[in-house]
Amino acid sequence: MQTAVPEADRLHLGIALDGAGWHPAAWREPTARPAELLTAGYWADLVTQAERARLDFVTFEDALSLQSDDRYQPDLRTDRVRGRLDSVLVAARVAPLTSSIGLIPTVVATHTEPFHTSKAIATLDWVTGGRAGLRIRVSARQDEAAHFGRRSAPAGPGQVSELFAEAADYVEVVRRLWDSWEDDAEIRDVATGRFIDRDKLHYVDFEGGWFSVRGPSITPRPPQGQPVVAALAHASTPYQLLASSADIGFITPRDATSAAAMVAEVRASEAAADPGRATPHLAGQPVRLFADLLVFLDDEAAAAARRRDRLDELAGAEYRSDALIFTGTPAELADLIGDWRSAGLAGFRLRPAALPHDLAQITRALVPELQRRSTFPSQYQSSTLRGLLGLPRPANRYVPDPAP
Amino acid sequence: MPKPVKQVHLAAHFPGVNNTTVWSDPRAGSHIEFSSFARFARTAERAKFDFLFLAEGLRLREQHGRIYELDVVGRPDTFTILAALAAVTDRLGLAGTINSTFNEPYEVARQFATLDHLSGGRAAWNVVTSWDAFTGENFRRGGFLPQDQRYERARTFLSTTFELIDSWQGNEVAADADSGIFLRDRDAGRFEHHDSHFDIAGRFDVPRSPQGGPVIFQAGDSDEGREFAAAQADAIFSRHSTLDAGREFYADVKGRLARYGRDPDQLKILPAATFVLADTDAEAAELAHQVRLQQVSPATAIAFLEQLWNRELSAYDPDGPLPEIDPDPGENTTARGRASVRMYRDPIATAREWRAKAEAEHLSIRELIIEVTGRQSFVGSPATIAATIYDYVQADASDGYILVPHITPGGLDEFADKVVPLLQERGVFRTDYTGTTLREHLGLAPRARRARSAQTRPVKVGTAP
């Protein structure tokens, strides 16, 4: 088996973790751990399992409201998982138990402070030695706005677009704060009594429509320089957010053709927003695009279909997703993955329908199959998340003549 | 009947961005690498300390409009580092300072509830309120909170955060796969709070954690601060580590508890304490002087002087006499982001005291600053320090101490190895944890659950938690 896979040939895989799994009835499965969803051990087990299979990263879902079957407001269901933990802290809690896998929590830009987010993700990067990411999302929900009482929810599509423009500003502030310390700002110069060289710290002086931030950060420059910024995008407005602000994007194509079309649309957004991707943190790098797939995996295709039907019956409705739902064997999924590769995708983010069942199928069957096909490495090939994804470490925008 | 011997509580503060830390010492470690914090936490835990404590500052300090370079600068995010430390410890409490001005209750409530879940019940919150526009420049709703509103804001923030946390009683999650009932109460987490500070309603999304919320610390010294602590806090992070000042503070604060229906042992008084250890008292005294010289360099001495004088004094010789001129009156524009300048209530009077002291004792600027900006609390051999701590706690000068080493992360090792065993031998400090939560370590009763109800009027001071 080939150990090292060249970047051009290799596939990247991430896992999207959410509660007991993405299917609403997954918590009722025999191997589910529904009473442990708020324990450190539950999350540690999932993430270490993903790391043993050499997956590139895990993402952690999060929001500023209880889960709901209704995308826009709370529901009163008692037969679903309700209650969750702050995902940045879950990522930090499992960080010391891992050594190689990327950890990408979710932050809602609309109701939080970019200053806090910047230092939190920088700290996660310090704790992991360079494996942190940030998945940014917006919130148009009225109930979430009411939890803060600072603004009203958007009234129409125009105002929803503004949430994305604000998110772009938010990410800009977060990134400037990551650069606000030069890498070598800490000098510990005994002769002059200076712990830092203040000329290597920079005010970010961001002024925008929703906030202004002075800086510098209170936290030194993260090991990755710029932790990986991610977003989920279904349509042109969020594609623009990917183009302006993200290192990686999660998209939801239904087949190889739509995957190629979505990739093209994101590339067009990139060209329009920033020809040549000249901004320092993007450094000429195109957004690495991952196709989200929701997966029901079993040793036999019929078993996977039966399991899906059973879960749908328990849930009281057929499960629908923004992502393509794949039901079958790991080998069949490996075929689909191979078919879609020509669309220009960097890889796939897999949403396990049930945890730990579908994660185990991924780690024990899918990954070995992909390794056998020489598209997935059997060892981690870098110690940072940027390195794993083939993203160079960006120069600091505040350094006039960066050393090569 | 003789008083029962009091147990001593001990905690460890990983110091932040002030001149306590002697960063120039070759043994001084990083203030940002995780390994530094992990090492410190593990030392505290093997010594069976009650908790580890972190401060917080939300804007880098400046002097004369430029970032202050002389002390440690740069620190991790409080919540994130504590969550990570929960992974490398098992019993040690995790106490962090979180600001009530530049945060929102919904977020802080879910972060503390999460930290408490992820640590098995070891979270604590040191509630602080900064009130300056300087820090506010880093935040969306930055701006300015008048000083007299500080405590009102802190009270309301604290009580609102606990309303959110208490919106889950602790029995709502059934997770019964057979019946399909995950939640027993379809309205779990319902809350509502409306006052001039917070106008919020909805459902909180984190079920009740092992401690039912973080342990509450408070660090104010003013009358209003002491009253706030007596009403709402579980422990006070105090400034009074000497015997007499400690006893006075202790009696004053404990004396306020009855008004709130609280027993004296439900509020722990824990002064911050620096220390210098050596084999003999004489060696420790000499070492302490050396440490003070390292902490107050010539440049630092001038900087401290400037903070009181509220003007530039770089022309003065640190080995020379104090300025004859008076401090600049009015708002302190020299030092920004530094809590200590708030302590200079009458700068002109303080300057005169300093001048008088320097003249009487023939002290240079640097020597004077060394004298007036805080000696080490405990200086001596392990036996001397252990005896002092024992005596002070029994004399009701405190319920224990939060130790602040000047070398981090290794400076705690000696205390853990040499002083703690002496206290254990005397039967006043645990030889092993008996409980799993921070409340148990501190001897606090379980936190009472508040009945879920819609709060539509402001919570008044004087309402027991």
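Predicted model: local features only at pLDDT ≥ 70, side-chain atom pairs only at ≥ 80, totals over all residues.
Two bridges tie strand 3 (residues 62–63) of chain B to strand 14 of chain B, and these strands run antiparallel.

- To find one of the bridges, look at Glu62(B), whose partner in strand 14 of chain B is Arg336(B).
- As background, strands of a sheet pair through backbone hydrogen bonds, in either a parallel or an antiparallel way.

**A buried alanine, Ala124(B)**

- Ala124(B) lies in strand 6 (residues 123–128) of chain B.
- Ala124(B) counts as buried because 29 other C-beta atoms lie within 10 Å, where 20 or more are enough.
- Leaving aside residues up to four places away in sequence, Ala124(B) touches Phe51(B), Gly93(B), Leu94(B), Ala95(B), Pro214(B), Val215(B), Phe217(B) and Leu438(B).
- For a sense of distance, the C-alpha atoms of Ala124(B) and Glu312(B) are separated by 40 Å, and the two residues are 188 apart along the chain.

**The largest nonpolar core**

- The largest nonpolar core has 256 residues, and Leu52(B) and Leu94(B) touch the most other members.
- Helix 5 (residues 157–179) of chain A gives the most to this core, with ten residues.
- Domain 1 (9–281 + 376–441) and domain 2 (297–372) of chain B both contribute residues, so the core lies between them.
- What does Leu52(B) touch, not counting residues up to four places away in sequence? Its contacts are Ala11(B), Ala12(B), Phe14(B), Ala41(B), Ala44(B), Leu85(B), Leu92(B), Gly93(B), Leu94(B) and Ala95(B).
- In soluble globular proteins, nonpolar side chains tend to be buried together.

**Where the two chains meet**

- Chain B brings 63 residues to the contact and chain A brings 61 residues.
- On the side of chain B that touches chain A, at least two residues each come from strand 4, helix 2 (78–85), helix 3 (105–118), strand 7 (173–176), strand 8 (181–183) and strand 10 (199–203) of chain B.
- Helix 3 of chain B supplies the largest share of that side, eight residues.
- By residue type, the side of chain B that touches chain A has 35 nonpolar, twelve polar and 16 charged residues.

**Chain B as a whole**

- Chain B has 14 helices and 16 strands.
- Its radius of gyration is 23 Å, close to the 23 Å that the globule rule gives for 465 residues, so chain B is as compact as a globular protein of that length.
- The C-alpha trace of chain B spans about 80 × 50 × 45 Å along its principal axes.
- Among contacts in chain B with a separation of 6 or more, 77% link residues 24 or more positions apart.

**Chain A as a whole**

- Chain A has eleven helices and 14 strands.
- A compact globule of 404 residues would have a radius of gyration near 22 Å, and the 21 Å of chain A agrees with this.
- The C-alpha trace of chain A spans about 70 × 55 × 40 Å along its principal axes.
- Residues 24 or more positions apart account for 76% of the contacts in chain A with a separation of 6 or more.

Methods
Residues numbered from 1 in each chain as written. Chains lettered and ligands numbered in written order. Pairing = 2+ DSSP bridges. Helix = DSSP H or I, 4+ residues; strand = E, 2+ residues; numbered from the N terminus. Buried ≥ 20, exposed ≤ 12 C-beta atoms within 10 Å, placed from the backbone. Contact = placed C-beta atoms within 7 Å. Core = buried A, V, L, I, M, F, W, Y, C linked by C-beta atoms within 7 Å. Domains from an automatic or database assignment. Nonpolar A, V, L, I, M, F, W, Y, C, P; charged D, E, K, R; others polar. Rg over C-alpha atoms; globule rule 2.2 N^0.38 Å.
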